[in-house]
Amino acid sequence: LKKLVVITGASSGLGLSTTTSLAKTGKYHVIMACRNIEKAKRVAKEVGLPENSFTVMKLELASTQSIRDFVANLKAFKSARPLTHLICNAAVYRPTDPEPAWTDDGFEMSMGVNHLGHFLLVNLLMDDMSRAKGARVCIVGSITGNTNTVGGGLVYPQANLGNLEGFEQGGLEPVSMIDGKPFFGAKAYKDSKVCNMMTVSELSRRYAEDTGIVFSSMYPGCIAETALFREKRQWFRKIFPAFMKYVTGGYVSEAEAGDRLAQVIDDPQCDKSGVYWSWNGGAQSVGRWSEDGKPRGAGGSGGEIFENEQSDAVTDAIKSKKMWDLSKKVVKLT
Ligand code: NDP
């Protein structure tokens, strides 16, 4: 029987390429958890996902009701079969918005979708996953949340959760930023990514030992071509991939980024909880899996996986715990 893996935001970019990588192995049945069912079905066809290797299910992360409905639908779909793998990948990035947008529940959109939505989802699935053997949860991180790297530290603005004043006030409209300060779209994304990475540390600290679940975060490299940058100006979208490729060397193709995230789910060496995975060196010219789904092994020229260090902003244990407790309150988890 195939293992079940839920991937949020599987209808585009990294989520779609990871779906492709995992489906190709023949070992996984992918639940594509997407806000737009029609789009997800269309792209699944376009990339040629094998029949019976995936199921599309509705998940709108900007609505806690939709998240709860998804969990119920998933339970009905899989019946007694446990969920073994969960990838929290979906995200929005809204750097040019002058005003905040709000989720159905009244959370600022980037924090609401990227962090709070996934926070609720993971918590609701925890019981079920703890019954599975060899379960893994990966929440996609980012160097933008990492103030000790070039991408995260030097590029303005920096992530900064302050003392979580915004969450203390309930995190609801008109409160837009977690630090309680005025709205700043680019920073809201970075703050949400720091929360994603803190969530992994907290999950690991709280549940890894008792449940055997492996929790991890990863930075796929800069996939400069995805729709994530859809709100950036046209010239930026043209120049940025080339810049990342030739100047910073951080560029990675969508396909390889998908192989990387799939590796965190599938590779026996990623069987350690609480790790923030990254890859050294250049991108590969060929995928980690061949067309017939067999791993190519170490033959490729691409980056080697390693356990990356997290920034002080992420490893602050006191703030991390506060973030966890307040997130629970904000999404009304008891
Ligand atoms: P994309 O914009 O291509 O993909 C984002 C996905 O999230 C889409 O499938 C989108 O759905 C989905 N999504 C957005 N809002 C919601 C919502 N409200 N409910 C459900 N799903 C939603 O971006 P990427 O593939 O680049 O990003 C994927 C992950 O990788 C993110 O976590 C991002 O932070 C991370 N990342 C990306 C980097 C990069 O260089 N691109 C670098 C570091 C990290 P739809 O298809 O309907 O639009």
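Biologist: Which residues in α1 meet which residues in α9?

Modeller: G13, L14, S17, T18, T20, S21, L22 and T25 in α1 meet E254, A255, A257, G258, D259, L261, A262, I265 and D266 in α9. Two residues are in contact if their C-beta atoms, placed from the backbone, lie within 7 Å. Bear in mind that this is a predicted model: local features need pLDDT of at least 70, side-chain atom pairs count only at pLDDT 80 or more, and totals for chains, interfaces and linings use all residues. Residues are numbered from 1 along each chain as its sequence is written.

Biologist: What makes α1 oblique to α9?

Modeller: The axes of α1 (residues 13-25) and α9 (residues 254-266) come within 7 Å and cross at roughly 60 degrees. Angles under 35 degrees count as roughly parallel, over 145 as roughly antiparallel, 65 to 115 as roughly perpendicular and the rest as oblique. That makes α1 oblique to α9. The axes are lines fitted to C-alpha atoms, for helices over the stretch in contact, with angles from 0 to 180 degrees between N-to-C directions.

Biologist: Is R260 buried or exposed, and how do you know?

Modeller: R260, found in helix α9, has 28 other C-beta atoms within 10 Å, so R260 is buried. The cut-offs are 20 or more for buried, 12 or fewer for exposed, and partly exposed in between, with C-beta atoms placed from the backbone. Leaving aside neighbours within four places in sequence, R260 is in contact with M218, P220 and W279. Across the protein, 48% of the 334 residues count as buried.

Biologist: How does the span of α3 compare with what is expected?

Modeller: Helix α3 (residues 64-78) has 15 residues and reaches 21 Å from its first C-alpha to its last, close to the expected 21 Å. The expected span is 1.5 Å times one less than the number of residues. Helices here are DSSP runs of H or I with at least four residues, strands are runs of E with at least two, and both are numbered from the N terminus. The protein comes to 11 helices and 8 strands.

Biologist: Why do the buried residues of α3 line one face of the helix?

Modeller: Those residues are T64, I67, F70 and L74. Seen down the axis, they fall within an arc of 110 degrees, so they line one face of α3. The arc is that of the directions from the helix axis to the C-beta atoms. Their cover includes β2 (28-34), β3 (54-58) and α4 (109-130), while the face turned away from the buried side carries the exposed residues Q65, A72 and A76.

Biologist: Which peptide bond is cis, with omega near 10 degrees?

Modeller: The bond from E173 to P174 is. P174 sits in the loop between α6 (165-168) and α7 (185-211).
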